[in-house]
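Subject: Structure handover

Hello,

Here is the structure I said I would pass on. My notes on what was found follow below it.

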Amino acid sequence: MIKPNLSSAEMSSAFCKALKDKTTINPDDTAIVFYNLSSIQERIIDLQNLFPQNTIHAIALKANPITKILSRIKGSGVGAEVASLPELHLAEKAGFAPETIVFDSPCKTNAEIEYALKSGIHINADSFDELDRIGKILETVASESTIGVRINPQVGAGTIKSTSVAGTISKFGIPVNHNREKIIAYFMKYDWLRAIHVHIDSQGCPVPLIIDGIRKVLDLAIEVNEELKRHSHQSLVDTFDIGGGLPVSYHPGINPVSMEQYAAMLKTSCSELFNGQFRLITEFGRYIYANSGWVASKVEYVKRESDYNIIITHVGADLLLRKCYNPDDWYHHITVVDKAGRLKTGTDINKYMVAGPLCFAGDVIAMDLELPVTEEGDYILIHNTGAYTLSMWSRYNSRQMPKVIGYADGNDTFEILKERESKEDLFEFWS
Ligand code: LLP
C-alpha cells in the first residue's frame, strides 16, 4: 500500500541527517529540493504491477526533468512522455530507448516530426493536419515509429481550468463529438495510424470523469476497428494510450483515489483495456513525483508587526509558480523546523504570511498560516513539491535554481542529483 504522502516527521528526520552531512549542504544552500527516491521507485513498481505487463509507462517528463532521476527510472523499465523536442532530447540523453518515448505536443514542426519518425519514437498526432504532415513525410522517410492520434472526449472540465483539457473546447486533440466519421476515415486512409490517445486532466478532476473520457475514446477505438475489419484491413488499432492525470494528495490526511483503486475502476469500466486486444500506454507524472519531493527553505527574516507576521524565505513564485499565481487552485502544506532540522513544537502559535524572495507582491506561498513561533535561521519544509515545480522554474530576478538532493529510506547517505546553479550558469543563461 503506497502512502499518500510523506509526513513532517519523515521529512524533518531526513533533513536533520542531511544538515549534518557538510559535503551535501553548505551555507549557500538557502533552499534545497529533496527527492525520496524510494517513494518514486515504489510508485513505479505499483504502476507496473497494476497494469498488463507489456504496458509502456511513459512517465511525463514535464513533471520532473532532472536527468539523474530520469536515468534511474529508465533503469526500472519505464518510458518517457515528452511534450517538446528538447524534452525528447532529454529523454534520449537519459538513455530511454526510442520505442519507449511517447511524443505529444500540439505544435510539432515538420522537422520535429521527421526527427521522431527517423528515430522510431512513438508519436501522438494532435490534429488532422498533423496526421497529413506525417503522411507526407512517410512518403520519403522509412520509420519504425508507432503512430497514434489524440482525441478530446469532450466529457467536461475538472475544477482547475488551466489543467483541464477535455471540455467542449480544448487546444489539445481532435474533438470527438462532431468528428467521428472523419476520424474513422483517417484510420481507413492511413495504414500506419494504429494508436489512440486520450488525456483528460491533471489534478482537480474527479476520477469518474477521467474514466468516462477514457470509455468514450475506447468506444471510438472499438468502432474504428469494426470499420477496419468490415473493409478487410489487415492491421487494426492495437495501442491505447490512457494519458496520465490521476490526482494526488496535497493535504496530509486526505487520501485521494489510489492507483490501485484507479486501476480497479478502469478494469470494471473499460475491461477491453485489460483483455489483451490493446497494448497500453500510460503517461503519469504527478502520481510518480508530487508526493516524493519536498523543499527546505531557510527563514531569512521574520517581520513582526502588531497585526501580522511575515516570514521571508528563499523560494516563492520561482519554484511554486502555480501556487503564487492561482492560490485558490493549489496548496502546499508547510512545516517549520529549527536550524538543525528538528520539528518546532510549542503551544505558542502565531499566524504568518509566508513570502518568497521575489520582487512582486504576489510572491506569497501561504497566508494566515498557523505555525509555532518561527525565527530567523529556522527552515520551512514545503510538502509535495516533487511535480511541476522545478520544471516550471521562473527566471524572474535571476535567482539560482536550488540544489537537488536524493535519498533512500533506511539509508543515511545523500546524493546530489543536481548542483545549485552557479553564477557562471546564470551568466551563460542570459548571454
Ligand atoms: N500526458 C499529457 C498529454 C499531459 O498533458 C500531461 C500533463 C500528462 C500526461 C501528465 O499528467 P499528470 O499525471 O502529471 O497529471 N502544474 C502544471 C501541470 C500541467 C499538466 C500538463 N499535462 C501546470 O499547471 O501547468
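K118 is exposed, because its relative accessible area is 54% and the threshold for that class is over 50%. This is a predicted model, so please read every value here as computed from it. K118 forms a salt bridge with E114, with 2.8 Å from N to O. E114 is partly exposed, at a relative accessible area of 29%.

Other salt bridges

In total, the structure holds 17 salt bridges. As a general point, side chains of opposite charge can pair when their charged atoms come close.

E81 and K62 form one of these salt bridges, and their closest N and O atoms are 3.0 Å apart. E81 lies in strand 3 (residues 79-82) and K62 in the loop between strand 2 (56-60) and helix 3 (67-75), so the pair ties together parts that are 19 residues apart in sequence. E81 is buried, with 2% relative accessibility, whereas K62 is partly exposed at 28%.

E375 and K344 also meet through their side chains, at 2.7 Å from N to O. This pair links distant parts of the chain, 31 residues apart: E375 is in the loop between strand 15 (364-372) and strand 16 (379-382), and K344 is in the loop between strand 13 and strand 14 (349-355). K344 is buried, with a relative accessible area of 18%, while E375 is partly exposed at 43%.

There is also a network of salt bridges that links R215, D219 and E272.

The two domains

The domain assignment gives domain 1 (8-35 + 290-430) and domain 2 (37-288). Their centres, taken over C-alpha atoms, are 33 Å apart. On the domain 1 side, 24 residues are in contact with 28 residues of domain 2. Between them the domains bury about 2300 Å², and 56% of that is on carbon and sulfur atoms.

Elsewhere in my list is the salt bridge of R72 and E415, whose side chains meet at 2.8 Å, N to O.

Aromatic rings

The structure holds 18 aromatic pairs. One of them is Y186 with Y190: the ring centres are 5.8 Å apart and the planes are at 70 degrees, so the pair is edge-to-face. Y186 is buried, with a relative accessible area of 11%, and Y190 counts as buried at 11%.

Y250 and W330 form an edge-to-face pair, with 6.3 Å centre to centre and 85 degrees between the planes. Y250 lies in the loop between strand 9 (239-241) and helix 9 (259-269), and W330 in the loop between helix 11 (321-325) and strand 13 (334-337), so the pair ties together parts that are 80 residues apart in sequence. Y250 is buried at 7% relative accessibility, and W330 is buried at 8%.

Ring pairs also link F15, F34, W294, Y379, Y407 and F414 into a cluster.

K182 has its charged end over the ring of F128, 4.3 Å from the ring centre, and R395 has its charged end over the ring of F429, 4.4 Å from the centre.

Regards

Methods
Residues numbered from 1 in each chain as written. Heavy atoms only, no water. Phe/Tyr/Trp six-rings, centres within 6.5 Å; stacked < 30°, edge-to-face > 60°. Buried < 20%, exposed > 50% of the residue type's maximum accessible area, 1.4 Å probe, protein only. Helix = DSSP H or I, 4+ residues; strand = E, 2+ residues; numbered from the N terminus. Lys NZ or Arg CZ within 6 Å of the ring centre and 35° of its normal. Domains from an automatic or database assignment. Contact = heavy atoms within 4.5 Å. Buried area = accessible area lost by both parts, 1.4 Å probe. Salt bridge = Lys/Arg side-chain N within 4 Å of Asp/Glu carboxyl O.
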